[in-house]
Amino acid sequence: MKRLARTTKLVGVAAALATPGWLGAQSTIPFAPGVVYNYVMHNLDQPQDWQFFTTVASVTPDATVYTEDVVLPGPEGKPHKFLWRRTVSRREAANSKVIDNGTTCNPGDTTDAWHRGSTLRMASQRLYREINSEGNAEVTIYISYGCSKPYTLTGTIARDKRGLVKVPILLNGQRLDLQTIHAQGTLGGFGGQYVYDFWILDDSTRPWVVRQEGRQGRQHYLQQLGTILAPDPEQEKRMEKALEQSCRAPVYGIYFESASAELNPASRPTLQQIAAVMQRHADWTVTIEGHTDSIGGAASNLDLSNRRAAAVKTELTDRSGVPAARLLPKAFGLSHPVESNGTIEGRARNRRVELTRVCK
């Protein structure tokens, strides 16, 4: 088996961002240390979407190490936060027949036998070849929450012969339609048979499972890659220029825990960029606009967006020393959506922060 090349920089990102009109249908996405893949999961028995932050920690020819940051409903509906490291070996990435949807309570990983032999939120190269060339493949998926042994679903999935399917995501705040292979089959396990659909990135090296959906009667499971945040030093310059010229700047890369005003650590690089811009312009006063999706109603979302905008202000003030008087939090709740709240990806894009400069 040919060894995977060492990845030391973003795959194609610098060239892509420099090419006008590059945002279209793509079959590759960034992959390198520091890239964050934000998955969103929704069950019909849960009122809100739940987020998974999968970050590439390190890449070598022999293995990729990820960190996984998840908040899930706990006892009595209270959020329960999980944070751990997960190693996927070169052999697992190449040959595994098991797709792991994540979660373990072993922070050190490397020895968690329940999750060994699988990939993480990605089909193996072998699975990709079988589905792409033979038209079908046997697959097992792991579903586990917290410290429990994974539930397994196993069955054969067949490729949709009508061709590739576009699935929209946001890459560094910009819409990107990913070219995916759609495959469907019946998977059996933990209490029944499930009709299951997969949308797998058309990439023979790293075929991410971009979207998956399972149904059994009225039970419904949906998990989708919503956004990707790749290290982008140019965002700071673009943000500064937008605030200077048009007094408004959309901001990507600020994430909150599900149904919470707690900032996720993945937000830190973006917050540092905002602080740097504010420090260079001591005469600027900026409004921090908080926006939400529509789940939970207008009143609760207005309160949530207010607390989230205030959390950004507190972070910039306490951690970066931006004077509090120059930061004005403002809540909009669900009143200013940028996309439909009827889809999981639309809701993910509506949960956002924007900056406006107080201009004379």
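User: So a disulfide is a pair of cysteine sulfur atoms within 2.5 Å. How many disulfides does the structure hold?

Analyst: The structure holds one. This is a predicted model, where local features need pLDDT of at least 70 and side-chain atom pairs count only at pLDDT 80 or more, while totals for chains, interfaces and linings use all residues. Residues are numbered from 1 along each chain as its sequence is written, and side-chain values use heavy atoms, leaving out hydrogens and water.

User: How exposed is C359?

Analyst: C359 counts as partly exposed because its relative accessibility is 32%. Buried means under 20% relative accessible area, exposed over 50%, and partly exposed in between (1.4 Å probe, protein chains only).

User: And what percentage of the protein's residues is buried?

Analyst: Of the 360 residues, 56% are buried.

User: Switching topic: what is the order of the strands in the open sheet of four?

Analyst: The order is 15-18-16-17, with mixed pairing. Two strands pair if DSSP finds at least two bridges between them. Strand 15 and strand 17 (327-333) are the edge strands, each pairing on one side only.

User: How many bridges join strand 16 to strand 18?

Analyst: Six, and strand 16 (residues 286-291) runs antiparallel to strand 18. In that pairing, I288 stands opposite L355 of strand 18.

User: Which strands does helix 6 lie across?

Analyst: Helix 6 (residues 298-320) lies across strand 16, strand 17 and strand 18, at about 160 degrees to strand 17. Axes are lines fitted to C-alpha atoms, for helices over the stretch in contact (heavy atoms within 4.5 Å), and angles run from 0 to 180 degrees between N-to-C directions.

User: Last one, helix 3: which of its residues are buried?

Analyst: In helix 3 (residues 125-134), those are Q125, L127, Y128, E130 and I131. Their cover includes helix 2 (90-95), strand 8 (136-143) and strand 9 (151-159). Just after helix 3, G135 takes a positive phi of about 90 degrees.

Definitions and conventions. Helix = DSSP H or I, 4+ residues; strand = E, 2+ residues; numbered from the N terminus.
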